[in-house]
Amino acid sequence: MIKTAWIGLGAMGYPMAGYLSQQTNIELCVYNRTKAKSEAWLETYPGTLALSAKQAANGADFVFSCIGNDNDLVEVTSGPEGAFHSMAPGGVFVDHSTTSADIAKTQAELAKAKGLSFLDAPVTGGEKGAINGTLSIMVGGDKQALERAQPFIEAYAKAVRHMGAPGSGQQTKMVNQIAIAGLVQGLSESLNFAKRAGLNIEDVLQVITKGAAQSWQMDNSGLSMAQGEFNHGFAVDWLRKDLGICIAEAKRQEAQLPITTIVETYLKELQDMEAGRLDITSLIKRLEKS
Ligand SMILES: NC(=O)c1ccc[n+]([C@@H]2O[C@H](COP(=O)([O-])OP(=O)(O)OC[C@H]3O[C@@H](n4cnc5c(N)ncnc54)[C@H](OP(=O)(O)O)[C@@H]3O)[C@@H](O)[C@H]2O)c1
């Protein structure tokens with residue numbers, strides 16, 4: 001049996017770890033900051049519970065995480081109670097969170113110094129992709145370590161691609177987030193316009209999802225955002241975190257992000273409206289308030 005651990009059982013990690021637990025050749029130990037989530041997960045899936053990342057990763061060959069931001073990643077890897085202190089020699093740590101490329105490079109170096117591998121492996125496909133096990137995953141770091149981890153990652157992914165050196169997975173994810181920010185704002189404006197014009201939203205979506213304006217966001221969230229349902233999915237807090245990372249990286253690359261920079265301020269407005277935990281399609285709420 002191969003020893004594995006999963007850290008972070010939120011909107012994404014909960015179903016992803018569920019798919020991993022169905023592999024027949026592994027032992028899986030889970031850790032989440034709020035213990036109740038681990039306990040709930042273990043009522044459905046096989047595994048054991050740990051009270052720290054270090055405990056979960058004890059002797060593990062593969063550790064997977066899907067947590068929050070850069071600070072969370074440091075805490076669960078190289079922090080005093082982090083996994084790097086207890087993993088098996090030669091072990092691979094796969095982080096599915098969205099973080100800066102800089103922290104991914106730093107953690108890859110720290111892992112290497114301990115005889116471990118660290119892969120930055122952010123995901124796209126949303127909560128639905130996690131629930132359906134159909135995520136798309138972009139990976140930076142050692143290619144051989146990815147080849148070893150890939151059979152496990154494929155439990156919840158439909159596509160896995162090696163992008164290059166440490167940090168390149170996160171840079172690819174930035175490309176994705178820059179594309180999404182403007183798109184969701186555009187979708188918000190279009191659906192708000194449709195409502196103001198008194199059109200039947202279901203009819204509108206029926207016809208325009210078949211045409212040139214079609215997108216994943218329109219297909220999966222068009223109707224729910226028009227109906228004002230935002231208690232699911234990808235949190236405003238997380239996209240604002242991601243756009244902050246994108247804007248800082250773009251300054252280094254001297255790449256212009258005019259629309260992304262504006263959408264970042266709109267997300268701050270939503271946070272000020274206490275909508276930080278709502279799905280990013282709540283961008284439409286800003287337009288409805290006037
Ligand atoms: N949701 C999406 O559609 C989506 C899509 C692609 C990428 N992502 C990225 O994936 C990551 C997770 O997103 P999510 O939507 O699953 O977030 P979430 O629902 O907030 O879940 C995060 C989970 O990680 C746990 N956690 C956070 N920091 C931790 C730490 N230091 N130690 C232990 N556990 C910790 C949290 O514990 P608590 O229960 O204590 O809060 C929570 O259960 C983020 O980086 C996000 O940007 C999300």
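**View 1. Val175 on helix H8.** Val175 is exposed, with a relative accessible area of 57%, where exposed means over 50%, buried under 20% and partly exposed in between, using a 1.4 Å probe and protein chains only. The residue belongs to helix H8; helices (H or I, at least four residues) and strands (E, at least two) are DSSP runs, numbered from the N terminus. Although Val175 and Cys246 stand 71 residues apart along the chain, their C-alpha atoms are separated by 8.2 Å. The model is predicted, so that local features need pLDDT of at least 70 and side-chain atom pairs count only at pLDDT 80 or more, while totals for chains, interfaces and linings use all residues. Residues are numbered from 1 along each chain as its sequence is written, and side-chain values use heavy atoms, with hydrogens and water left out.

View 2. On a 1 Å grid over the protein atoms alone, a cavity is a set of points where a 1.4 Å probe fits but cannot get out, and lining residues have an atom within 4 Å of a point; grid points are joined across faces, edges and corners, and a volume is the space filled by probe spheres set on the points. The lining consists of Thr98, Thr99, Gln170, Lys173, Met174, Asp242, Ile245 and Cys246. Helix H8 (168-196) and helix H11 (236-253) are the elements that give two or more residues to this lining. By class, the lining has three nonpolar, three polar and two charged residues, with Ala, Val, Leu, Ile, Met, Phe, Trp, Tyr, Cys and Pro counted as nonpolar, Asp, Glu, Lys and Arg as charged, and the others, Gly among them, as polar.

**View 3. Met16 within helix H1.** Met16 is found in helix H1, which spans residues 13-21, and at 0% relative accessibility Met16 counts as buried. Seven of the nine residues of H1 are buried, so the helix is largely enclosed by the rest of the structure; the buried residues are Gly13, Pro15, Met16, Ala17, Gly18, Leu20 and Ser21. When residues up to four places away in sequence are not counted, Met16 touches Trp6, Cys66, His96, Val123, Ala130, Leu135 and Tyr156, a contact being heavy atoms within 4.5 Å.

**View 4. Two loop glutamates with positive phi.** Glu254 lies in the loop between H11 and helix H12 (258-272), and its phi is near 55 degrees, a positive value in a residue other than glycine. At 74% relative accessibility, Glu254 counts as exposed. Glu274 is found in the loop between H12 and helix H13 (283-288), with phi near 60 degrees, likewise positive in a residue other than glycine. At 75% relative accessibility, Glu274 also counts as exposed.

View 5. The secondary structure of the protein chain comes to 13 helices and nine strands. Its radius of gyration is 20 Å, close to the 19 Å that the globule rule gives for 290 residues, so the chain is as compact as a globular protein of that length; the radius is taken over C-alpha atoms, and the rule is 2.2 Å times the number of residues to the power 0.38. Buried residues make up 50% of the 290 residues.

Definitions and conventions
1 Å grid on protein atoms, 1.4 Å probe; cavity = no way out; pocket = protein on both sides within 12 Å on 5 of 7 lines; lining within 4 Å.
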